[in-house]
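Hi everyone, thanks for making time for this. I'd like to walk you through a structure that may be new to you, so please have a look at it while I talk.

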Amino acid sequence: MTAFGIALGSNLGDREGNLRRGIDLLMQRLPGARLTAQANFYETAPIDCAPGTPAFVNSVIEIESTLSAPDMYQHLAAVEEAMGRPAIREKNTPRTLDLDLLYAGDIVSDDPALTLPHPRLHLRRFVLEPLAEIRPDKILPGMTKTVTQLLEALTDAP
């Protein structure tokens, strides 16, 4: 079994409901998978989005599964699409559901199709805060600091 860290975000409609529905849809698609951890929901300001973009609700979950990282990534994309997010879209537009694969066990990959761990997760408070809630002492593959230490090292305002 591989532990997959997945970030969730929504800034359209019933944001918390969208996250819950996304988790439910994902688990329905993954027979034999286990949801091993789920952070609380955090409301966060949009980053690098157009003026007037609604605030996000974010969370992080961890799932154990026998899937490969590319297969998990495909399931995440399918759930986003099922929740109304177009496969082809402009960057940083409002969305009902955004799912990002943060890590897949101890895999390190520089493949442009799927970079692991997620290349910007150590810079994103909206990912690190919920991740620190469920895995504070985790050291991500290729890194030397714990999730809590990465969060404490951020220089942006909380």
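Let's begin at Gly9, which stands opposite Asp98 in strand S5. Please keep in mind that this is a predicted model, so everything I say about it is computed.

S5 covers residues 98-104, and Asp98 is part of it. Is Asp98 buried or exposed? Its relative accessibility is 14%, and because buried means under 20%, Asp98 counts as buried. Leaving out residues up to four places away in sequence, Asp98 touches Ala7, Leu8, Gly9, Glu80 and Arg85. As for the strand around Asp98, six of the seven residues of S5 are buried, so S5 is largely enclosed by the rest of the structure.

How many of its nine residues are buried? Seven are, so S1 too is largely enclosed by the rest of the structure.

Next, please find helix H1, residues 15-29. H1 has 15 residues and spans 21 Å from its first C-alpha to its last, close to the 21 Å expected at 1.5 Å a residue. Several of its residues are buried, and they are Gly17, Asn18, Leu19, Gly22, Ile23, Leu25 and Leu26.

Thr36 has a relative accessibility of 26%, so Thr36 counts as partly exposed. Setting aside residues up to four places away in sequence, Thr36 touches Glu62, Ile63, Glu64 and Arg135. Thr36 is also 32 residues from Phe4 in sequence, while their C-alpha atoms are 9.7 Å apart in space.

Let's step back to the whole chain. There are four helices and seven strands, and along the sequence they follow the pattern β-α-β-β-β-α-β-β-β-α-α. The radius of gyration is 15 Å, close to the 15 Å that the globule rule gives for 158 residues, so the chain is as compact as a globular protein of that length. If you'd like a box to picture, the C-alpha atoms fill one of roughly 40 × 35 × 30 Å along the principal axes.

How much of the chain is buried? Of the 158 residues, 42% count as buried. The accessible surface comes to about 8200 Å², with 50% of it belonging to carbon and sulfur atoms. Finally, among contacts with a separation of 6 or more, 65% are between residues 24 or more positions apart.

Key
Residues numbered from 1 in each chain as written. Predicted model: local features only at pLDDT ≥ 70, side-chain atom pairs only at ≥ 80, totals over all residues. Heavy atoms only, no water. Helix = DSSP H or I, 4+ residues; strand = E, 2+ residues; numbered from the N terminus. Buried < 20%, exposed > 50% of the residue type's maximum accessible area, 1.4 Å probe, protein only. Contact = heavy atoms within 4.5 Å. Expected span 1.5 Å × (residues − 1). Pairing = 2+ DSSP bridges. Rg over C-alpha atoms; globule rule 2.2 N^0.38 Å. Areas by Shrake-Rupley, 256 points an atom, 1.4 Å probe, with all protein chains shown as cover.
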